[in-house]
Amino acid sequence: MIRFQLNGNSVTTGVNEDAPLLYVLRNDFSLNGPKFGCGASACGACTVLVNSQAVRSCIAPVSLVADTEVVSLEDQTPDSVLSVLQQAFLVEQAVQCGYCSNGMILTATELLSNNPAASDAEIREGMDGILCRCGAQARVLKAIKRAQVQI
C-alpha cells in the first residue's frame, strides 16, 4: 500500500509500486488534468507537483510519491475559483486545444514559486520542455508575466 497526500487529501493505493503515477491518478482517482502525451517525459502534458516540484507523472513510478504531497491541476481550482495563473491564461488566451495547459500551468506554478521575479529569458528556460503544438507560446509568456504581477 502506498500512502500520499493528493490535492490535500490522504489517499492510499494498492497498485504495483512500479505503476506509472499518471495511470494511478487518472484511473484510480479519476483526475483528468494530467494527460498522457508522449509517455517519455518529453512533452509535459502529464505534469503534477510532488512536494512543490514539477514531475512528469508518465515516467514516475507511484512509489516515488509515497509519503509526499501530490498536487494536480484540479487542486488549482478549489471551490471552482481559478488560480491567478489560470485566470491569466484565460485573459491572455494562452489556451488553445488545452492539451498542454496542465503542464504549462503546473510548471509555471513551480517556476513562480521559486522565482517570483523571473525574467522573460528565465520564464522561457523554465517552460522549455512543455510542448505546445498550437503555437500559443507567446501568449503563455504573457500569461505568466500577468500572473507574476498579481502574485
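Analyst: Partly exposed lies between buried, under 20% relative accessible area, and exposed, over 50%. The model discussed here is predicted.

User: Why is Asp 120 called partly exposed?
Analyst: Asp 120 has 33% relative accessibility. That value falls between the cut-offs of 20% and 50%, so Asp 120 counts as partly exposed.

User: What makes Lys 145 and Asp 120 a salt bridge?
Analyst: The closest N and O atoms of Lys 145 and Asp 120 are 3.2 Å apart, and the rule asks for a Lys or Arg side-chain nitrogen within 4 Å of an Asp or Glu carboxyl oxygen. Lys 145 is in helix α5 and Asp 120 in helix α4 (residues 120-127), so this pair ties together parts 25 residues apart in sequence. Lys 145 is partly exposed, at 29%.

User: How do you know that Glu 92 forms a salt bridge with Arg 146?
Analyst: Their closest N and O atoms are 2.8 Å apart, against a limit of 4 Å. The pair links distant parts of the chain, 54 residues apart: Glu 92 sits in the loop between α2 (84-91) and α3 (101-114), and Arg 146 in helix α5 (residues 137-150). The count by this rule is 2 salt bridges.

User: Why is Glu 92 called buried?
Analyst: Glu 92 has 16% relative accessibility and the cut-off for buried is under 20%, so Glu 92 counts as buried. Arg 146, at 32%, counts as partly exposed.

User: What makes β3 and β4 paired strands?
Analyst: Pairing needs at least two bridges, and β3 and β4 have 4, in the antiparallel sense. Val 50 has Gln 53 in β4 as its bridge partner.

Note on methods. Residues numbered from 1 in each chain as written. Predicted model: local features only at pLDDT ≥ 70, side-chain atom pairs only at ≥ 80, totals over all residues. Heavy atoms only, no water. Helix = DSSP H or I, 4+ residues; strand = E, 2+ residues; numbered from the N terminus. Buried < 20%, exposed > 50% of the residue type's maximum accessible area, 1.4 Å probe, protein only.
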